[in-house]
Amino acid sequence: MATVRLHHVGKTYPNGQIALKDIDLSIPDGELMVVVGPSGCGKSTLLRVLAGLETITHGELWIDDKRANDLSPQQRNIAMVFQDYALYPTMSVRENLSFPLKMRKLSSAEIRHKVTWAADLLDLGEVLERLPRQLSGGQRQRVAMGRALVREPSVFLLDEPLSNLDTKLRAQVRTEIGDLQKRTGTTMIYVTHDQIEAMTLGHRITILDQGVIQQIATPEALYEHPASSWVAGFIGTPPMNLAEALMTVSPSHVEIIIGQETVATLSKENPPVFVKTALENGHSVLMGIRPEALLIATDHEPGFMATVTTIEYLGHETLVHLRPLGAPASMNWIIRAHGQSTLKVGSQIRLERLKEESLHFFRF
Ligand SMILES: Nc1ncnc2c1ncn2[C@@H]1O[C@H](COP(=O)(O)OP(=O)(O)OP(=O)(O)O)[C@@H](O)[C@H]1O
Ligand SMILES: [Mg+2]
(Lines give C-alpha, C1' and ligand atoms only; values in the text may rest on other atoms or scores of the structure.)
(Ligands and ions follow the chains in the order given, each with its own letter.)
Protein backbone atom coordinates (compact mmCIF):
# COMPACT_ATOMS: atom_id res chain seq x y z
CA MET A 1 0.00 0.00 0.00
CA ALA A 2 1.20 3.49 -0.74
CA THR A 3 0.55 7.18 -1.04
CA VAL A 4 1.04 8.82 -4.42
CA ARG A 5 1.95 12.48 -4.84
CA LEU A 6 2.38 14.45 -8.03
CA HIS A 7 4.03 17.80 -7.66
CA HIS A 8 3.66 20.22 -10.63
CA VAL A 9 3.89 17.32 -13.06
CA GLY A 10 3.85 18.06 -16.77
CA LYS A 11 4.09 15.73 -19.74
CA THR A 12 4.90 16.82 -23.28
CA TYR A 13 5.18 14.07 -25.90
CA PRO A 14 8.16 14.17 -28.31
CA ASN A 15 5.90 15.53 -31.07
CA GLY A 16 5.18 18.61 -28.93
CA GLN A 17 1.74 17.50 -27.77
CA ILE A 18 1.22 18.76 -24.21
CA ALA A 19 -0.80 16.06 -22.43
CA LEU A 20 -0.47 17.11 -18.77
CA LYS A 21 0.04 20.58 -17.35
CA ASP A 22 1.18 21.28 -13.84
CA ILE A 23 -0.65 18.40 -12.16
CA ASP A 24 -0.76 18.66 -8.37
CA LEU A 25 -2.40 15.62 -6.89
CA SER A 26 -2.04 13.80 -3.61
CA ILE A 27 -3.61 10.39 -3.15
CA PRO A 28 -3.52 8.99 0.39
CA ASP A 29 -2.91 5.34 1.16
CA GLY A 30 -6.02 3.22 0.56
CA GLU A 31 -7.92 5.78 -1.48
CA LEU A 32 -9.89 4.91 -4.59
CA MET A 33 -9.36 7.97 -6.77
CA VAL A 34 -11.38 8.20 -9.97
CA VAL A 35 -10.08 10.30 -12.86
CA VAL A 36 -12.63 11.54 -15.41
CA GLY A 37 -12.59 13.92 -18.33
CA PRO A 38 -13.33 14.11 -22.06
CA SER A 39 -11.48 12.03 -24.63
CA GLY A 40 -7.90 13.19 -25.09
CA CYS A 41 -7.74 15.15 -21.82
CA GLY A 42 -4.73 13.17 -20.54
CA LYS A 43 -6.23 10.41 -18.37
CA SER A 44 -4.25 7.52 -19.86
CA THR A 45 -1.12 9.67 -19.97
CA LEU A 46 -1.50 10.31 -16.24
CA LEU A 47 -1.69 6.57 -15.51
CA ARG A 48 1.20 5.77 -17.84
CA VAL A 49 3.33 8.39 -16.14
CA LEU A 50 2.48 6.86 -12.75
CA ALA A 51 3.29 3.36 -13.98
CA GLY A 52 6.61 4.50 -15.42
CA LEU A 53 5.62 3.74 -19.01
CA GLU A 54 6.14 7.41 -19.92
CA THR A 55 8.74 9.81 -18.58
CA ILE A 56 7.77 13.00 -16.78
CA THR A 57 8.74 16.21 -18.60
CA HIS A 58 8.84 18.32 -15.46
CA GLY A 59 7.75 18.10 -11.84
CA GLU A 60 8.08 15.33 -9.31
CA LEU A 61 6.36 12.04 -8.60
CA TRP A 62 6.55 10.59 -5.11
CA ILE A 63 5.44 7.11 -4.14
CA ASP A 64 5.42 6.93 -0.35
CA ASP A 65 8.58 8.80 0.62
CA LYS A 66 10.51 7.85 -2.51
CA ARG A 67 11.02 10.18 -5.46
CA ALA A 68 9.87 7.96 -8.31
CA ASN A 69 10.60 10.07 -11.43
CA ASP A 70 13.44 7.87 -12.51
CA LEU A 71 12.33 4.50 -11.14
CA SER A 72 11.67 1.77 -13.71
CA PRO A 73 8.16 0.29 -13.87
CA GLN A 74 9.46 -2.80 -12.04
CA GLN A 75 10.85 -0.73 -9.18
CA ARG A 76 7.51 1.03 -8.60
CA ASN A 77 5.41 -1.96 -7.60
CA ILE A 78 2.45 -0.51 -9.48
CA ALA A 79 0.07 -2.75 -11.43
CA MET A 80 -1.94 -1.47 -14.36
CA VAL A 81 -4.98 -2.98 -16.03
CA PHE A 82 -5.47 -1.63 -19.54
CA GLN A 83 -8.70 -1.13 -21.42
CA ASP A 84 -7.90 -4.02 -23.79
CA TYR A 85 -6.65 -6.33 -21.02
CA ALA A 86 -4.66 -8.67 -23.28
CA LEU A 87 -4.55 -12.14 -21.70
CA TYR A 88 -2.16 -14.73 -23.07
CA PRO A 89 -4.55 -16.61 -25.38
CA THR A 90 -2.79 -19.98 -25.30
CA MET A 91 -2.44 -20.05 -21.51
CA SER A 92 -5.12 -21.22 -19.12
CA VAL A 93 -6.49 -18.87 -16.50
CA ARG A 94 -4.19 -20.48 -13.94
CA GLU A 95 -1.16 -19.95 -16.18
CA ASN A 96 -2.19 -16.37 -16.89
CA LEU A 97 -2.39 -15.69 -13.17
CA SER A 98 0.88 -17.51 -12.44
CA PHE A 99 2.88 -15.81 -15.17
CA PRO A 100 3.92 -12.61 -13.34
CA LEU A 101 4.89 -14.71 -10.31
CA LYS A 102 6.99 -17.11 -12.37
CA MET A 103 8.77 -14.10 -13.84
CA ARG A 104 9.60 -13.13 -10.28
CA LYS A 105 10.92 -16.62 -9.63
CA LEU A 106 8.58 -17.46 -6.76
CA SER A 107 8.45 -21.10 -5.63
CA SER A 108 5.65 -23.23 -7.06
CA ALA A 109 4.09 -23.54 -3.60
CA GLU A 110 3.97 -19.76 -3.24
CA ILE A 111 2.56 -19.39 -6.73
CA ARG A 112 -0.16 -21.95 -6.02
CA HIS A 113 -1.05 -20.15 -2.81
CA LYS A 114 -1.33 -16.72 -4.42
CA VAL A 115 -3.25 -17.95 -7.43
CA THR A 116 -5.77 -19.66 -5.14
CA TRP A 117 -6.08 -16.46 -3.13
CA ALA A 118 -6.76 -14.35 -6.26
CA ALA A 119 -9.13 -16.94 -7.72
CA ASP A 120 -11.15 -16.98 -4.48
CA LEU A 121 -11.21 -13.22 -4.28
CA LEU A 122 -12.41 -12.85 -7.87
CA ASP A 123 -14.59 -15.95 -8.01
CA LEU A 124 -12.49 -17.63 -10.69
CA GLY A 125 -12.02 -21.01 -8.95
CA GLU A 126 -14.30 -22.83 -11.40
CA VAL A 127 -12.57 -21.59 -14.54
CA LEU A 128 -8.88 -21.88 -13.63
CA GLU A 129 -8.16 -24.55 -16.25
CA ARG A 130 -9.97 -22.81 -19.10
CA LEU A 131 -8.46 -20.74 -21.90
CA PRO A 132 -9.38 -17.05 -22.19
CA ARG A 133 -11.56 -17.67 -25.24
CA GLN A 134 -13.69 -20.04 -23.16
CA LEU A 135 -14.58 -17.23 -20.73
CA SER A 136 -17.24 -14.54 -20.68
CA GLY A 137 -16.18 -10.91 -21.00
CA GLY A 138 -16.61 -10.31 -17.30
CA GLN A 139 -14.56 -13.38 -16.39
CA ARG A 140 -11.78 -12.29 -18.72
CA GLN A 141 -11.83 -8.90 -17.10
CA ARG A 142 -11.51 -10.50 -13.68
CA VAL A 143 -8.55 -12.61 -14.85
CA ALA A 144 -6.83 -9.40 -15.97
CA MET A 145 -7.50 -7.92 -12.55
CA GLY A 146 -6.25 -11.10 -10.88
CA ARG A 147 -3.05 -11.08 -12.90
CA ALA A 148 -2.40 -7.55 -11.64
CA LEU A 149 -3.46 -8.40 -8.08
CA VAL A 150 -1.27 -11.47 -7.50
CA ARG A 151 1.72 -9.17 -7.67
CA GLU A 152 0.30 -7.49 -4.55
CA PRO A 153 0.95 -4.06 -5.96
CA SER A 154 1.07 -1.08 -3.66
CA VAL A 155 -0.83 0.96 -6.24
CA PHE A 156 -3.40 -0.34 -8.68
CA LEU A 157 -4.10 1.60 -11.89
CA LEU A 158 -7.14 0.83 -14.00
CA ASP A 159 -7.68 2.48 -17.39
CA GLU A 160 -11.35 2.22 -18.39
CA PRO A 161 -11.38 -1.46 -17.42
CA LEU A 162 -15.08 -1.96 -18.09
CA SER A 163 -15.46 -0.30 -21.46
CA ASN A 164 -15.60 -3.63 -23.33
CA LEU A 165 -18.45 -5.00 -21.23
CA ASP A 166 -22.19 -4.69 -21.78
CA THR A 167 -24.30 -2.61 -19.41
CA LYS A 168 -25.37 -5.42 -17.11
CA LEU A 169 -21.90 -6.88 -16.73
CA ARG A 170 -20.44 -3.42 -16.23
CA ALA A 171 -22.71 -2.86 -13.26
CA GLN A 172 -21.74 -6.23 -11.78
CA VAL A 173 -17.98 -5.89 -12.25
CA ARG A 174 -18.15 -2.28 -11.05
CA THR A 175 -19.54 -3.46 -7.73
CA GLU A 176 -16.90 -6.21 -7.60
CA ILE A 177 -14.09 -3.72 -8.11
CA GLY A 178 -15.47 -1.50 -5.34
CA ASP A 179 -15.68 -4.49 -2.96
CA LEU A 180 -12.22 -5.68 -3.92
CA GLN A 181 -10.72 -2.29 -3.18
CA LYS A 182 -12.48 -2.21 0.19
CA ARG A 183 -11.23 -5.67 1.14
CA THR A 184 -7.64 -5.22 0.00
CA GLY A 185 -7.35 -1.52 0.91
CA THR A 186 -5.01 -1.02 -2.06
CA THR A 187 -4.55 2.54 -3.29
CA MET A 188 -6.40 2.60 -6.60
CA ILE A 189 -6.53 5.10 -9.43
CA TYR A 190 -9.41 4.40 -11.76
CA VAL A 191 -9.89 6.12 -15.11
CA THR A 192 -13.32 6.20 -16.66
CA HIS A 193 -15.60 8.45 -18.67
CA ASP A 194 -18.67 6.76 -17.22
CA GLN A 195 -20.43 9.06 -14.76
CA ILE A 196 -22.01 6.23 -12.81
CA GLU A 197 -18.66 4.51 -12.30
CA ALA A 198 -17.12 7.79 -11.20
CA MET A 199 -19.89 8.68 -8.76
CA THR A 200 -20.34 5.21 -7.26
CA LEU A 201 -16.71 4.08 -7.02
CA GLY A 202 -14.73 7.21 -6.27
CA HIS A 203 -13.82 8.18 -2.75
CA ARG A 204 -12.78 11.33 -4.57
CA ILE A 205 -12.90 12.32 -8.23
CA THR A 206 -10.32 14.28 -10.21
CA ILE A 207 -11.70 16.05 -13.26
CA LEU A 208 -9.25 16.73 -16.08
CA ASP A 209 -9.69 18.88 -19.16
CA GLN A 210 -6.92 19.50 -21.69
CA GLY A 211 -4.30 18.22 -19.28
CA VAL A 212 -5.37 20.57 -16.48
CA ILE A 213 -7.09 19.57 -13.24
CA GLN A 214 -10.46 21.31 -13.05
CA GLN A 215 -11.54 20.06 -9.64
CA ILE A 216 -10.71 17.39 -7.06
CA ALA A 217 -13.59 16.57 -4.73
CA THR A 218 -15.81 13.87 -3.29
CA PRO A 219 -18.68 12.82 -5.57
CA GLU A 220 -21.16 14.72 -3.37
CA ALA A 221 -19.09 17.91 -3.34
CA LEU A 222 -18.54 17.72 -7.08
CA TYR A 223 -22.27 17.45 -7.71
CA GLU A 224 -23.35 20.00 -5.11
CA HIS A 225 -20.52 22.50 -5.51
CA PRO A 226 -18.99 22.33 -8.98
CA ALA A 227 -16.03 24.71 -9.18
CA SER A 228 -16.94 26.06 -12.60
CA SER A 229 -19.68 25.99 -15.21
CA TRP A 230 -17.51 23.55 -17.17
CA VAL A 231 -17.51 21.05 -14.29
CA ALA A 232 -21.22 21.68 -13.73
CA GLY A 233 -21.89 20.85 -17.36
CA PHE A 234 -19.69 17.76 -17.25
CA ILE A 235 -21.06 16.06 -14.12
CA GLY A 236 -24.67 14.89 -14.06
CA THR A 237 -26.87 13.19 -16.65
CA PRO A 238 -28.49 15.29 -17.96
CA PRO A 239 -26.02 17.99 -16.94
CA MET A 240 -26.79 21.14 -15.00
CA ASN A 241 -28.98 23.65 -16.82
CA LEU A 242 -27.12 26.90 -17.42
CA ALA A 243 -28.39 30.31 -18.50
CA GLU A 244 -27.35 33.91 -18.60
CA ALA A 245 -29.55 35.71 -16.09
CA LEU A 246 -30.12 39.38 -15.42
CA MET A 247 -30.28 40.64 -11.85
CA THR A 248 -32.35 43.53 -10.68
CA VAL A 249 -32.27 44.87 -7.15
CA SER A 250 -35.22 46.00 -5.10
CA PRO A 251 -34.91 47.37 -1.54
CA SER A 252 -35.57 43.98 0.02
CA HIS A 253 -34.35 41.39 -2.46
CA VAL A 254 -32.78 40.53 -5.81
CA GLU A 255 -34.83 39.34 -8.77
CA ILE A 256 -33.33 36.99 -11.33
CA ILE A 257 -34.74 37.42 -14.79
CA ILE A 258 -34.42 35.17 -17.80
CA GLY A 259 -36.11 36.32 -21.01
CA GLN A 260 -39.28 38.01 -19.80
CA GLU A 261 -39.76 35.85 -16.70
CA THR A 262 -38.69 36.37 -13.10
CA VAL A 263 -37.42 32.90 -12.29
CA ALA A 264 -36.24 33.49 -8.71
CA THR A 265 -36.08 36.06 -5.96
CA LEU A 266 -33.08 35.98 -3.66
CA SER A 267 -32.37 37.53 -0.32
CA LYS A 268 -29.53 40.03 -0.46
CA GLU A 269 -27.48 38.30 2.18
CA ASN A 270 -24.10 36.80 1.35
CA PRO A 271 -24.18 36.49 -2.43
CA PRO A 272 -21.01 35.08 -4.06
CA VAL A 273 -18.45 37.85 -4.68
CA PHE A 274 -18.93 37.96 -8.43
CA VAL A 275 -22.72 38.03 -8.06
CA LYS A 276 -22.24 41.04 -5.81
CA THR A 277 -20.03 42.67 -8.43
CA ALA A 278 -22.62 41.92 -11.09
CA LEU A 279 -25.30 43.48 -8.91
CA GLU A 280 -23.31 46.62 -8.32
CA ASN A 281 -22.62 47.03 -12.01
CA GLY A 282 -25.97 45.86 -13.34
CA HIS A 283 -24.38 42.93 -15.16
CA SER A 284 -25.77 39.52 -15.86
CA VAL A 285 -24.45 36.30 -14.32
CA LEU A 286 -24.20 32.69 -15.39
CA MET A 287 -26.74 30.74 -13.38
CA GLY A 288 -27.09 26.99 -13.06
CA ILE A 289 -29.79 24.67 -11.79
CA ARG A 290 -29.91 20.86 -11.76
CA PRO A 291 -32.75 19.22 -13.75
CA GLU A 292 -34.28 17.68 -10.61
CA ALA A 293 -34.56 21.13 -8.97
CA LEU A 294 -36.83 22.42 -11.75
CA LEU A 295 -40.40 21.56 -10.82
CA ILE A 296 -43.73 21.98 -12.57
CA ALA A 297 -45.85 24.39 -10.50
CA THR A 298 -49.20 23.59 -8.94
CA ASP A 299 -51.92 26.25 -9.20
CA HIS A 300 -51.18 28.32 -6.14
CA GLU A 301 -47.46 28.80 -6.22
CA PRO A 302 -45.68 31.75 -7.78
CA GLY A 303 -44.01 30.53 -10.94
CA PHE A 304 -42.78 31.33 -14.40
CA MET A 305 -43.78 30.23 -17.87
CA ALA A 306 -41.75 28.14 -20.27
CA THR A 307 -42.31 26.57 -23.68
CA VAL A 308 -41.77 22.83 -24.16
CA THR A 309 -39.32 22.28 -27.04
CA THR A 310 -38.54 18.53 -26.99
CA ILE A 311 -39.76 15.44 -25.14
CA GLU A 312 -37.53 12.40 -24.57
CA TYR A 313 -39.30 9.36 -23.14
CA LEU A 314 -36.89 7.03 -21.30
CA GLY A 315 -39.33 4.63 -19.66
CA HIS A 316 -38.86 5.34 -15.98
CA GLU A 317 -38.77 9.06 -16.65
CA THR A 318 -39.24 11.62 -19.37
CA LEU A 319 -36.79 14.41 -20.07
CA VAL A 320 -38.68 17.57 -20.98
CA HIS A 321 -36.65 20.26 -22.78
CA LEU A 322 -37.96 23.77 -22.35
CA ARG A 323 -37.17 27.45 -22.59
CA PRO A 324 -38.49 30.26 -20.37
CA LEU A 325 -40.67 32.71 -22.31
CA GLY A 326 -38.62 35.32 -24.11
CA ALA A 327 -35.31 33.51 -23.55
CA PRO A 328 -32.92 33.24 -26.51
CA ALA A 329 -33.54 30.34 -28.89
CA SER A 330 -30.13 28.86 -28.02
CA MET A 331 -31.23 28.24 -24.44
CA ASN A 332 -32.26 24.71 -23.57
CA TRP A 333 -33.22 23.56 -20.09
CA ILE A 334 -34.12 20.00 -19.18
CA ILE A 335 -36.43 18.84 -16.41
CA ARG A 336 -37.19 15.29 -15.32
CA ALA A 337 -40.81 14.13 -15.26
CA HIS A 338 -41.62 10.86 -13.53
CA GLY A 339 -42.72 8.06 -15.91
CA GLN A 340 -44.50 9.11 -19.07
CA SER A 341 -45.36 12.79 -19.48
CA THR A 342 -48.58 14.12 -20.98
CA LEU A 343 -46.84 17.35 -22.01
CA LYS A 344 -46.77 18.24 -25.68
CA VAL A 345 -44.06 19.95 -27.71
CA GLY A 346 -44.99 23.59 -28.26
CA SER A 347 -47.20 23.82 -25.15
CA GLN A 348 -46.53 26.26 -22.33
CA ILE A 349 -46.08 25.14 -18.76
CA ARG A 350 -45.63 26.92 -15.48
CA LEU A 351 -42.62 26.08 -13.32
CA GLU A 352 -42.12 26.80 -9.65
CA ARG A 353 -39.97 29.79 -8.74
CA LEU A 354 -36.42 28.51 -8.32
CA LYS A 355 -35.27 28.09 -4.74
CA GLU A 356 -32.24 30.03 -3.68
CA GLU A 357 -30.49 26.98 -2.23
CA SER A 358 -30.72 25.08 -5.51
CA LEU A 359 -29.11 27.82 -7.59
CA HIS A 360 -25.46 27.88 -8.62
CA PHE A 361 -23.65 30.93 -9.91
CA PHE A 362 -20.56 30.95 -12.09
CA ARG A 363 -18.21 33.38 -13.71
CA PHE A 364 -18.67 33.72 -17.43
N1 LIG B 1 2.49 8.71 -27.68
C2 LIG B 1 1.90 9.89 -27.91
N3 LIG B 1 2.51 10.82 -28.67
C4 LIG B 1 1.95 12.02 -28.90
N5 LIG B 1 0.76 12.40 -28.40
C6 LIG B 1 0.10 11.53 -27.65
C7 LIG B 1 0.63 10.22 -27.35
N8 LIG B 1 -0.25 9.56 -26.57
C9 LIG B 1 -1.28 10.42 -26.38
N10 LIG B 1 -1.08 11.58 -27.02
C11 LIG B 1 -1.95 12.79 -27.02
O12 LIG B 1 -1.99 13.29 -25.69
C13 LIG B 1 -3.29 13.71 -25.34
C14 LIG B 1 -3.78 12.92 -24.14
O15 LIG B 1 -3.95 11.58 -24.51
P16 LIG B 1 -4.50 10.48 -23.52
O17 LIG B 1 -4.37 9.16 -24.20
O18 LIG B 1 -3.83 10.64 -22.22
O19 LIG B 1 -6.03 10.92 -23.40
P20 LIG B 1 -7.26 10.20 -22.63
O21 LIG B 1 -7.80 11.21 -21.69
O22 LIG B 1 -6.81 8.91 -22.09
O23 LIG B 1 -8.30 10.00 -23.81
P24 LIG B 1 -9.38 8.80 -24.04
O25 LIG B 1 -10.54 9.10 -23.12
O26 LIG B 1 -9.76 8.99 -25.48
O27 LIG B 1 -8.71 7.50 -23.75
C28 LIG B 1 -4.13 13.53 -26.60
O29 LIG B 1 -4.18 14.75 -27.26
C30 LIG B 1 -3.37 12.48 -27.38
O31 LIG B 1 -3.60 12.63 -28.75
MG1 LIG C 1 -7.33 6.90 -22.48
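Select Phe 234: at 21% relative accessibility, this residue is partly exposed (buried means under 20% relative accessible area, exposed over 50%, partly exposed in between, with a 1.4 Å probe and protein chains only). The model is predicted, so local features need pLDDT of at least 70 and side-chain atom pairs count only at pLDDT 80 or more, while totals for chains, interfaces and linings use all residues. Residues are numbered from 1 along each chain as its sequence is written, chains are lettered from A and ligands numbered from 1 in the order in which they are written, and side-chain values use heavy atoms, with hydrogens and water left out.

**Stop 1**

Helices here are DSSP runs of H or I with at least four residues, strands are runs of E with at least two, and both are numbered from the N terminus.

The structure holds two aromatic pairs. In the pair of Trp 230 and Phe 234, the ring centres are 5.2 Å apart and the planes lie at 10°, so the pair is stacked. Rings of Phe, Tyr and Trp (its six-membered ring) pair if their centres lie within 6.5 Å; planes under 30 degrees apart are stacked, over 60 edge-to-face, the rest tilted.

Next, move to Pro 238, in the loop between helix 9 and strand 11 (241-249). Thr 237 and Pro 238 are joined by a cis peptide bond, with omega about -10°.

**Stop 2: the whole chain**

Zoom out. The protein chain contains 10 helices and 19 strands. Along the principal axes, its C-alpha atoms fill a box of roughly 80 × 45 × 35 Å. Of the 364 residues in the chain, 47% are buried. Take the contacts between residues at least 6 apart in sequence: 66% of these join residues at least 24 apart (contact means heavy atoms within 4.5 Å).

**Stop 3**

Select His 8 in strand 1 (residues 4-12). The phi of His 8 is near 50°, a positive value in a residue other than glycine. His 8 is partly exposed, at 36% relative accessibility.

Then select helix 1 (residues 43-51), which is mostly covered, with seven of its nine residues buried. Which residues of helix 1 are buried? They are Lys 43, Thr 45, Leu 46, Leu 47, Val 49, Leu 50 and Ala 51. Just after helix 1, Gly 52 has a positive phi of about 90°.

**Stop 4: helix 3 and its two partners**

Two packed helices are described by the angle between their axes and the distance between the axes. Axes are lines fitted to C-alpha atoms, for helices over the stretch in contact, and angles run from 0 to 180 degrees between N-to-C directions.

Select helix 3 (residues 93-103) and helix 4 (residues 108-121): their axes come within 10 Å and cross at roughly 130°. That makes helix 3 oblique to helix 4 (under 35 degrees is roughly parallel, over 145 roughly antiparallel, 65 to 115 roughly perpendicular, the rest oblique). From helix 3, Arg 94, Leu 97, Ser 98, Leu 101 and Lys 102 meet Ile 111, Lys 114 and Val 115 of helix 4. By class, this contact of helix 3 with helix 4 has four nonpolar, one polar and three charged residues. Ala, Val, Leu, Ile, Met, Phe, Trp, Tyr, Cys and Pro count as nonpolar, Asp, Glu, Lys and Arg as charged, and the others, Gly among them, as polar.

The axes of helix 3 and helix 5 come within 8 Å and cross at roughly 30°. The two helices are therefore roughly parallel to each other. Helix 3 contributes Val 93, Asn 96, Leu 97 and Pro 100 to the contact, and helix 5 contributes Val 143, Gly 146 and Arg 147. The residues of the contact of helix 3 with helix 5 divide into four nonpolar, two polar and one charged.

**Stop 5: Gln 83 and Glu 160**

Select Gln 83, in the loop between strand 6 (78-81) and helix 3. Gln 83 is partly exposed at 37% relative accessibility. What does Gln 83 touch, not counting residues up to four places away in sequence? Its contacts are Asp 159, Glu 160, Ser 163 and Asn 164. Val 191 is 108 residues from Gln 83 in sequence, and 9.7 Å from it in space, C-alpha to C-alpha.

End at Glu 160, in the loop between strand 7 (155-159) and helix 6 (167-184). Glu 160 has a positive phi of about 45° although it is not a glycine. Is Glu 160 buried or exposed? Glu 160 is buried, with a relative accessible area of 13%.
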